[in-house]
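Me: I have a model open and want to learn how to read it. Please take me through a few features.

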Amino acid sequence: MVMGVWPAGALARRSVRGVNHFLLSGFASVAALAAAIATVQFYGDPADVGPRVLIQLDHVALAANGEAPETSLAQVLVPPDAQSAGLEERLWPAEGYPEPSLLPGSALGVAGERLSAAAPAKPAPPRAGPLVKAPLAGLTAPGPKGLLPIIRKDGLSPFQAYRRPYVRQGTQPRIALVVSGLGFSEEVTKRAIEDLPPEVTLSFVPYAGGLQRWIDLARSKGHEVLLELPMEPFDAAAVDTGPQTLLAQAPAPENIARLDDLLSRAVGYAGVTN
């Protein structure tokens, strides 16, 4: 019988290395399993991420008065396997899922956790589109340069007729944006009309060439329009505001004549600014 003699400490080192590999593998497996369990607990089952039921909502155009037309659930295409009492739970399986809001521009919406076809509780905001073409009948009178704005016999004012329709949504503060000084630079004016959102009001210089053309183009893009009135500057020698400037010391008939001159240079503006 031949007996081998291991050097002192070799067996211990061999055992330690074996135990270390085993322990490391075990710890890694346990850590991966724990991480997977924690992920599912925190984020939910990945299998529940996708939709349970796919439905198609047909877009319903709003009427001219901004009200949604009558709509039935027949316009909602639901797969046959979704025709069950548990449809709403299958549509919104996650607890605490935020309540979906009414679909913009459509009469179809979700109230609470149940699909509905009720009309919107609040008036829908006006959609982007061209504003009414000016001038409207009864809102003008002859002026020195063209047509002057007047209040119609039924009480309709140019402001009411030519402003951009607006329906306040919520109670948060609102900001009005007015881009002024337009009309002199063709490139800048065209970019403002075509690139800015229609909610931005555009203000035009009365001396601008092709003033009516600019106002018509701006309104065709949905922009509300203001006309600028040149008022007396603090330093009249340094700032040229044009021949029709309204002056503090001028007689009233002279200022009225200048005002009529300015106001009759175009139609379709909802108001004036300095």
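Predicted model: local features only at pLDDT ≥ 70, side-chain atom pairs only at ≥ 80, totals over all residues.

Me: How many bridges join S7 to S8?

Reply: Pairing first: two strands pair if DSSP finds at least two bridges between them. The labels are DSSP runs, numbered from the N terminus: helices are H or I with at least four residues, strands are E with at least two. Here three bridges join S7 to S8, and the two run parallel.

Me: What is the order of the strands in the open sheet?

Reply: The four strands are ordered S7-S8-S9-S10, with parallel pairing. S7 and strand S10 (271-273) are at the edges with a single partner strand each, so one side of each has no neighbour in the sheet. From one strand to the next, the twist averages 30°. Angles run from 0 to 180 degrees between N-to-C directions; axes are lines fitted to C-alpha atoms, for helices over the stretch in contact.

Me: Which strands does H4 touch?

Reply: Contact means heavy atoms within 4.5 Å. H4 packs on the sheet and touches S7 and S8; its direction makes about 155° with that of S8.

Me: Which residues of H4 are buried?

Reply: Thr 189, Ala 192 and Ile 193 are buried in H4. Viewed down the axis of H4, the buried residues fall within an arc of 95°, so they line one face of the helix. That arc is taken from the directions from the helix axis to the C-beta atoms. Their cover includes strand S7 (178-182), strand S8 (201-204) and helix H5 (211-220).

Me: What lies on the other side of H4?

Reply: Glu 187, Arg 191 and Asp 195 are exposed there. Lys 190 also lies in H4; at 43% relative accessibility, Lys 190 is partly exposed.

Me: How many salt bridges are there?

Reply: Side chains of opposite charge can pair when their charged atoms come close. The rule: a side-chain nitrogen of Lys or Arg within 4 Å of a carboxyl oxygen of Asp or Glu. By that rule the count is six. One of them joins Arg 191 and Asp 195, at 3.8 Å from N to O.

Me: Where do Arg 191 and Asp 195 lie?

Reply: An α-helix has 3.6 residues a turn, so residues three or four places apart point the same way. Both lie in helix H4 (residues 186-195), four residues apart, about one turn of the helix. Arg 191 has 52% relative accessibility, and Asp 195 has 56%.

Me: Which residues are linked in a network of salt bridges?

Reply: Lys 145, Asp 261 and Arg 265. Asp 261 bridges to Lys 145, with the closest N and O atoms 2.5 Å apart. That pair links distant parts of the chain, 116 residues apart: Asp 261 is in helix H6 (residues 252-263), and Lys 145 is in the loop between strand S5 (140-142) and strand S6 (147-149). Asp 261 also bridges to Arg 265, at 2.7 Å between the closest N and O atoms.

Me: Is Asp 261 buried or exposed?

Reply: Buried, at 7% relative accessibility. Arg 265 is partly exposed, at 25%.

Conventions
Residues numbered from 1 in each chain as written. Heavy atoms only, no water. Buried < 20%, exposed > 50% of the residue type's maximum accessible area, 1.4 Å probe, protein only.
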